[in-house]
Each structure stands twice: as structure tokens, then as C-alpha cells.
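Subject: Structure for your review

Dear colleague,

Please find below the structure that I am handing over to you. My notes on what was found in it follow directly after.

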Amino acid sequence: MHILIVDDEIIIRNGLKHMMTTYSKPFTSVRVAENGEEALARIAEYPPNILITDIRMPKMDGLELCKRIQILYPYIRVVVISGFAEFEYAKQCVAYGVKEYMLKPVVKSDIHEMLDRILPAMEKGVVTPTQSKQWLDEITEHIWQLRIPELDQCLDEWLRYCAERTDHPNQLKELLNDSFQAVLDRLQAKGHNHSEAKPSTLTPASSSSESNDNYGFSGIQEQFRRRIHTVTNELALRRDGFKDIMSEVKAYIEQNIAREVTLEEVANLVGLTPNYFSLYFKKTTGVTFINYRIAKRIEFAEQLLALPHYRIVDVAHEIGYEDYSHFAKTFRKVKGITPTEYRSSLGIK
């Protein structure tokens with residue numbers, strides 16, 4: 001839980017900060033700012049869960065700050081502490097989404113009572129250590145056993161669960177960074193060391209209003225998913241059973257030459273995610289999976305065309321082309337000549 005205190009009087013700022021640090025539950029951070037402009041800069045660095053602000057301040061007063069927070073950061077809980085009890089101030093604060101309005105001077109018991117009121121509701125969605133451990137243990141086990149479909153389903157549920165319990169992309173980013181490191185620690189305990197000694201953290205979300213939309217959340221979720229898949233793929237390739245992965249893939253393609261074997265199908269066969277397998281395949285062979293499969297089909301077609309008793313249309317069907325014209329067009333694209341011309345070059349009429 002992060003707190004930001006905004007007041008132009010240093011004694012009051014420090015006093016409020018001290019009151020926060022003496023609360024029964026510790027806060028992750030308690031920062032301060034002198035006015036609204038500085039507060040917005042602090043929020044842009046990292047949005048707090050709770051903002052406590054004065055009304056009368058230079059450069060940008062508390063009312064303008066509340067107005068901007070309502071527009072840019074509606075998830076921040078704002079508490080106003082002011083020495084001005086006029087109804088108009090209170091009415092304007094309510095219009096800007098402020099639900100807590102306190103009159104100066106405040107003492108430690110006032111602050112602690114305010115926190116007792118607002119924190120329970122804010123903490124309902126927090127992921128508890130027990131809940132987190134159960135999810136991360138399951139994710140780690142799916143990675144270790146290379147159970148890709150089960151891993152993807154578990155990731156879907158975990159990411160949805162985390163998103164429901166965070167108000168801002170930066171909070172989700174922090175939670176998922178910790179989750180990823182926890183998975184690495186669990187895998188290391190099992191004997192797998194990720195090649196990235198100091199894994200990079202998820203990209204921070206923008207501090208603009210766009211950072212609270214679905215793109216911010218979905219982008220961070222996708223980054224986490226890719227990082228988990230990278231670790232899974234790396235583990236798969238290090239296993240003894242995957243040392244000769246390309247031989248297994250090539251054999252499978254040849255055994256199913258007459259069938260439309262998909263990249264997803266083969267990736268699942270060898271325990272890799274489709275995206276990673278596609279990159280790995282091209283890096284290893286120099287061609288894409290689809291072009292390789294086409295080339296193998298045409299290579300097999302050449303062997304059959306060399307047999308005089310095979311009709312060209314039968315050759316097409318034998319390698320999976322129901323449409324002869326499609327076969328002839330593909331053959332010419334790969335070999336530069338038609339099947340008929342190829343057969344003629346062999347002296348077969």
C-alpha cells in the first residue's frame with residue numbers, strides 16, 4: 001500500500017508522515033509533496049493507493065489536484081485535510097470524488113481512525129500470500145512437467161485473478177514482476193537456472209489516462225505470459241528428450257506428408273509454444289515451417305513423378321493436393337517448371 005501526502009507546510013507534512021508510519025499496519029511507501037504540481041509528478045512516477053492533501057497550496061491547490069486526479073487517476077483514494085470548513089470546499093471535494101474530508105488540526109488518532117475506515121474496503125482485493133503460493137506452485141509444476149495446455153489455462157486464470165485485484169496497470173506490473181521472480185526461484189530450487197540472470201521487469205504503464213484502460217492491463221499480462229513461455233521453452237530445449245528436436249519434427253512432417261500438418265500441432269508435439277517453435281524452426285532451418293513443409297511435399301512429388309506408372313494427378317493426391325491446378329502452381333513456384341515439364345526432363349512421356 002502506497003501513500004502520498006501533499007501539504008505546503010513542512011511541519012504538517014512530516015507530522016502526517018510520522019502518523020502514517022506509526023499505524024498498526026506498515027505501508028510500502030509514504031512519500032510527500034509540497035503542492036499539486038509536485039504531487040502530480042510523484043504520481044506519474046508511481047501512483048499511490050491513497051493521497052492525502054491540503055486545500056490551500058501555491059502553484060496548484062488541493063481542489064485542482066483533486067479534479068485532475070479524478071480525470072487521470074480515478075482509482076486513487078483521496079483524503080482532504082483542511083483548516084477551511086466552508087461548505088463550498090466540501091461540496092467541491094465531493095464533486096471530485098473525495099469521500100474523506102478532515103478538518104485541521106488532526107492528531108494521530110484521527111488519522112488512524114480514517115485509515116481504519118478506508119483500508120478494509122481497499123484491501124478486499126489483495127492477493128494473499130496463501131493464494132499466491134497456490135497459483136505459483138501450480139504454474140511452476142506445469143512448466144516443469146512441460147504441460148503446455150494446462151499451463152496456458154492456469155495463466156489465463158491467474159492473470160484474470162490478478163487483474164481483478166489491482167486498480168492500475170502499475171500495480172498489476174508490480175504483482176506480476178514479483179510472481180515471475182517467484183516462479184524462477186521455484187524452478188531454480190528444482191535445478192533449472194534461467195539464462196537471463198537478472199530478468200528485466202515488465203514495462204511500466206504510461207502515467208496518462210490511457211494507462212488505466214484495457215490496453216495497459218492486457219499489455220502487461222501479455223508480457224508476463226511471454227516471459228513464462230520463454231522460460232518454459234528454454235527448459236524444454238535443455239531436456240535430454242529435446243536435444244534432437246528437429247529430427248523429430250522433420251520425421252513427423254514426412255510421415256504425414258499428405259496431411260495439412262499445422263505449426264500448432266507440431267509445436268504441441270515437442271512441447272513448445274507455437275510462437276517460440278516458429279522462431280526456433282526458422283532459426284534452425286533457415287525457412288519458415290510452412291515453406292519447409294511445402295518443399296518436402298514437392299521433394300516427395302519429384303520422387304513419384306520419376307515413376308512412369310504414376311499419373312500426375314495421382315501424385316498430387318498422394319502428397320495432399322486435392323486440387324491439381326493448385327499442385328501444379330505450387331510445383332512450378334518451387335521448381336520453376338510444371339510437373340509435366342519436370343517429367344519430360346526425365347524422359348518420361
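A residue counts as buried when its relative accessible area is under 20%. Leu146 has a relative accessible area of 15%, so Leu146 is buried. Please keep in mind throughout that this is a predicted model.

Backbone features

Leu146 belongs to the loop between helix 6 and helix 7. Its phi is near 55°, a positive value in a residue other than glycine. Most residues other than glycine have a negative phi, and most peptide bonds are trans. Lys59 also has a positive phi, of about 70°, although Lys59 is not a glycine. This residue is in the loop between strand 3 (50–53) and helix 3 (62–72). Residues over 50% relative accessibility count as exposed, and Lys59 reaches 67%, so Lys59 is exposed.

The peptide bond that joins Lys104 and Pro105 is cis, with omega at about 0°. Pro105 is placed in the loop between strand 5 (100–103) and helix 5 (108–122).

Aromatic rings

A pair of aromatic rings is described by the distance of the centres and the angle of the planes. The count for this model comes to 12 aromatic pairs. One of them is formed by Trp135 and Trp158, a tilted pair with 5.9 Å from centre to centre and 40° between the planes. Trp135 lies in helix 6 (residues 129–144) and Trp158 in helix 7 (residues 148–164), and the pair links these distant parts of the chain, 23 residues apart. Both Trp135 and Trp158 are buried.

How are the rings of Phe281 and Tyr292 arranged? Their centres are 5.3 Å apart and their planes stand at 75°, so the pair is edge-to-face. Since Phe281 is in helix 12 (residues 274–285) and Tyr292 in helix 13 (residues 289–305), the pair ties together parts that are 11 residues apart in sequence. Phe281 has a relative accessible area of 0% and is therefore buried. Tyr292, at 13%, is buried as well.

Tyr321, Tyr324, Phe327, Phe331 and Tyr342 form one aromatic cluster.

Helix 13, which holds Tyr292, packs with helix 10 (residues 245–255) at an angle of about 50°, and the two axes are 10 Å apart. The two helices are therefore oblique to each other. Their crossing is right-handed. Which residues make the contact? Helix 10 contributes Lys250, Ile253 and Glu254, while helix 13 contributes Phe289, Tyr292, Arg293 and Lys296.

Two threonines

Thr330 is part of helix 15 (residues 324–335). At 11% relative accessibility, Thr330 counts as buried. Leaving aside neighbours within four places in sequence, Thr330 is in contact with Ile294, Ile298 and Tyr321; Tyr321 is one of the residues of the aromatic cluster.

Thr230 is found in helix 9 (residues 214–238). Its relative accessibility is 37%, so Thr230 counts as partly exposed. The C-alpha atoms of Thr230 and Asn275 are separated by 10.0 Å, and these residues are 45 apart along the chain.

With kind regards

Key:
Residues numbered from 1 in each chain as written. Predicted model: local features only at pLDDT ≥ 70, side-chain atom pairs only at ≥ 80, totals over all residues. Heavy atoms only, no water. Phe/Tyr/Trp six-rings, centres within 6.5 Å; stacked < 30°, edge-to-face > 60°. Helix = DSSP H or I, 4+ residues; strand = E, 2+ residues; numbered from the N terminus. Buried < 20%, exposed > 50% of the residue type's maximum accessible area, 1.4 Å probe, protein only. Axes fitted to C-alpha atoms, helices over the stretch in contact; angles between N-to-C directions. Parallel < 35°, antiparallel > 145°, perpendicular 65-115°, else oblique. Left-handed = near helix turned anticlockwise from the far one by under 90°. Contact = heavy atoms within 4.5 Å.
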